[in-house]
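Let's read a structure together, one feature at a time.

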Amino acid sequence: GQTALGVRNFIRMVDEAPTKIALLGSSYSTVTAVIAELCPIYNMLQVTFSSESSFLANRKLFPLLFRTAYSYAIYGEAYATLLHHFNWKKVAVIGRNSYTNYQDVYRVSNAIRKSGIDVKTIEFFLAGTPVYQRVKRIKDLDIRIIIVISLEEDMLALACDAYKLEMYGRKYVWIVPHWYENQFWNKISQNSNCQPENIHAVINHALSIRILYMNYKHAVTVSGFTPEQCEQRYYQQPSIVNETYTANGYWPFAYDAVWAIALALNNSRDQIKILNKTLDDFDYKNVEMRKIFYRNMELLQFVGASNNISFDQNGDVNGNIFDVHQYQGNDKIYIGSIQREGSNLVANIRDSVKWIVSALISVYEFANFVVLSSISSADKNPPPSSDIIINRVMPLQNFIFYVMIFLCFLGYAITLLSLSFIIKHMRRRSKASTTTDCVILAGCVILYTSVILMGLDSKEVRSVTCMLLPWLNCYGFVLVVGSIFAKSLAAYRTITSRWFTKEFRNLHLLLGLIVLMLIESILLLCWSIIDPLKPVQVSITDQLEDDKVIPYQKIRPVVLMCQCLYASYWLIGTIALNGILLLFSAFLAYEGREVRVDNNEIDIKSISTCIYNTILLGLIVVPLMFILNQKINELYVVIGGYILFCTTLCQLLLFLRKKKKVDDRVRPSQAHLNPHQ
């Protein structure tokens with residue numbers, strides 16, 4: 001192949017007179033790599049003007065190689081700058097697996113990764129082998145931004161398979177090497193399964209980055225001409241004008257390579273005079289002269305046609321300006337540049353960049369070429385590297401919320417009836433009993449209110465109610481259960497005087513409730529300060545819905561949940577603390593089950609029923625809370641229903657049932673007044 005031909009020509013050239021001091025070339029990186037390993041044998045400097053593989057940036061393998069062409073490794077930073085400009089966060093890199101190309105792929109990928117962009121996959125393929133599975137893997141990973149580092153013939157195969165996999169259009173962006181010719185899709189083989197228009201569908205609106213091949217126009221080169229004048233002289237050469245040779249875009253690098261060799265040798269003349277030698281005395285075994293040539297090449301600095309030439313430790317030149325082009329229809333359009341400002345590259349992209357929204361491609365043949373007429377609507381916004389996911393908060397069903405509000409107001413009405421009973425019979429009852437009943441009703445009101453607040457699911461309200469609800473629930477529970485505990489304790493006192501010898505008074509009751517609420521407050525305060533509950537959007541399904549209005553956008557249904565880092569532990573702590581109080585009340589109620597108190601103050605059976613139902617339902621509801629964690633409608637019904645049922649049941653048993661008993665006692669006393677009975 002080309003490598004063998006290059007080696008044969010090199011050996012033949014070395015064998016022929018005169019002795020060569022330096023070598024200009026070669027063009028291809030594969031050929032350059034082999035010859036660059038042979039040059040040290042002959043102590044010969046080598047300067048290449050078009051070999052760009054980053055594999056050649058290795059001083060151990062290629063100690064005498066210099067390049068005026070840019071190493072492809074410097075494209076990594078430019079690629080990263082372009083990706084950041086368009087806000088593309090994840091990409092794939094694919095390229096041919098050859099000993100010169102794989103270095104380019106890895107160095108570009110590493111530079112992109114260092115910039116903070118996720119390179120999801122690096123795919124390699126062997127020349128001439130099927131690439132379908134490689135391309136399919138990129139699609140399966142849902143990667144839309146694809147960087148190709150390979151030859152035109154490889155890109156034709158990649159684009160053909162990408163077309164079959166529908167990896168083109170508004171969702172995908174391909175970034176290809178700059179050296180691809182305009183309308184290169186016409187080179188597709190007739191034996192291919194794809195047509196030129198299929199390749200064009202993939203390439204249309206693809207991007208390419210090319211480092212600036214000419215120095216600033218106003219710069220004066222070492223030859224005394226500006227780069228623009230050098231260009232005019234090149235294209236006026238008779239061999240170019242009469243098309244004996246095709247103009248080569250790498251001519252500025254070749255121009256500077258020739259000047260680099262000439263200047264290095266010229267700067268070496270005085271130094272080799274010290275050795276009593278001239279350039280004509282060089283031979284392939286002269287190490288001393290080779291060291292002098294090498295040192296002067298390293299120190300070389302001059303204004304060239306392509307760049308301000310100076311070589312780094314790997315024999316490479318650094319580039320500061322990149323052109324960005326985009327394939328639009330049949331043309332390759334300049335859309336901006338990437339320039340170094342200080343130590344960083346900055347992208348300056350013009351409004352000429354276009355992105356596909358929808359397209360209709362017309363095809364016709366002319367002079368054995370396929371000409372594509374693209375009628376498309378363009379978008380100024382680049383496609384994202386992945387779907388934009390919008391969270392849609394699923395609200396609580398209005399019907400459920402309104403039903404719960406109705407039940408809460410029904411509970412408020414029952415509370416008012418209970419309060420009227422307490423007020424009516426306040427003179428017949430002790431102050432302690434009246435106080436406990438009023439405290440129970442206050443706790444019921446708080447619990448009913450917490451159920452209503454629990455159903456308000458807007459983010460602004462939830463930011464307040466998330467931490468407010470535990471306070472309301474705990475305080476309401478303590479007021480109700482603490483007062484029931486006091487009633488149970490009073491009943492227990494009637495059957496034993498071992499521990500309780502004094503009568504309960506208001507002060508004792510209030511002090512007991514204050515102590516209970518203080519314990520609750522300490523726990524809740526620690527919770528609020530250390531790990532407060534906050535509204536968090538939680539996904540309720542892995543399936544995303546397509547947005548019918550905005551392209552590239554997916555809808556993810558979420559619910560607003562109150563969460564914190566250790567929510568389960570705090571919840572278990574509050575349940576355990578209140579559960580101890582509830583269990584102790586149950587114990588006292590069980591011990592005093594045989595007590596008969598007929599003073600309208602203590603009904604031990606009603607107290608026991610309240611406590612046992614609360615415990616039994618709690619054993620069912622608490623596990624359901626963890627099971628229905630993300631089902632807001634069901635969770636609201638379970639928790640709200642539990643609070644409503646237990647709270648309302650306590651009022652019905654403790655107050656309205658007692659009211660019925662009082663009414664039953666009154667009726668017999670009035671019966672003799674009725675003459676009809």
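**Strands, crossovers and salt bridges**

In this predicted model, L23 has Q46 in β2 as its bridge partner.

Q: Which strands does that pairing belong to, and in which sense do they run?

A: Start from a residue pair, then look at the strands on either side. Here β1 and β2 (residues 45–48) are joined by three bridges and run parallel. They belong to an open sheet of three strands, ordered β1-β2-β3, with parallel pairing. The edges are β1 (22–24) and β3 (65–67), each pairing on one side only. From one strand to the next, the twist averages 20 degrees.

Q: Which helix packs on the sheet?

A: Look for a helix that touches the strands, then compare directions. Helix α11 (residues 287–298) packs there, touching β2 and β3, and its direction makes about 35 degrees with that of β2.

Q: How do I read strand β8: is it mostly covered or mostly open?

A: Check burial residue by residue, taking under 20% relative accessible area as buried. In β8 (residues 207–211), four of the five residues are buried. Next, look at the neighbours. Strand β7 (residues 173–177) pairs with β8 in the parallel sense over three bridges, and I175 stands opposite L207 in β8. Between the two, the chain passes through helix α7 (residues 196–203), making a right-handed β-α-β crossover. With β11 (residues 321–328), β8 runs antiparallel, joined by five bridges; there, I211 stands opposite F322.

Q: How many salt bridges are there, and what can one of them tell me?

A: The structure holds 12. To read one, find both partners, then ask where each sits in the chain. Take D316 and R67, whose closest N and O atoms are 2.9 Å apart. D316 lies in the loop between β10 (308–310) and β11, while R67 lies in strand β3, so the pair ties together parts 249 residues apart in sequence. D316 is buried at 5% relative accessible area, and R67 is buried too, at 1%.

Q: Where do E123 and R134 lie, and how far apart in sequence are the parts they tie together?

A: Their side chains meet in a salt bridge at 3.5 Å, N to O. E123 is in strand β5 (residues 118–125) and R134 in helix α5 (residues 132–140), so this pair links parts that are 11 residues apart in sequence. As for accessibility, E123 is buried at 3%, whereas R134 is partly exposed at 38%.

Note on methods: Residues are numbered from 1 along each chain as its sequence is written. This is a predicted model: local features need pLDDT of at least 70, side-chain atom pairs count only at pLDDT 80 or more; totals for chains, interfaces and linings use all residues. Side-chain values use heavy atoms; hydrogens and water are left out. Buried means under 20% relative accessible area, exposed over 50%, partly exposed in between (1.4 Å probe, protein chains only). Two strands pair if DSSP finds at least two bridges between them. A crossover is right-handed if, with the strands pointing away from the viewer, the path from the first strand over the helix to the second runs clockwise. Axes are lines fitted to C-alpha atoms, for helices over the stretch in contact, and angles run from 0 to 180 degrees between N-to-C directions. Contact means heavy atoms within 4.5 Å. A salt bridge is a side-chain nitrogen of Lys or Arg within 4 Å of a carboxyl oxygen of Asp or Glu.
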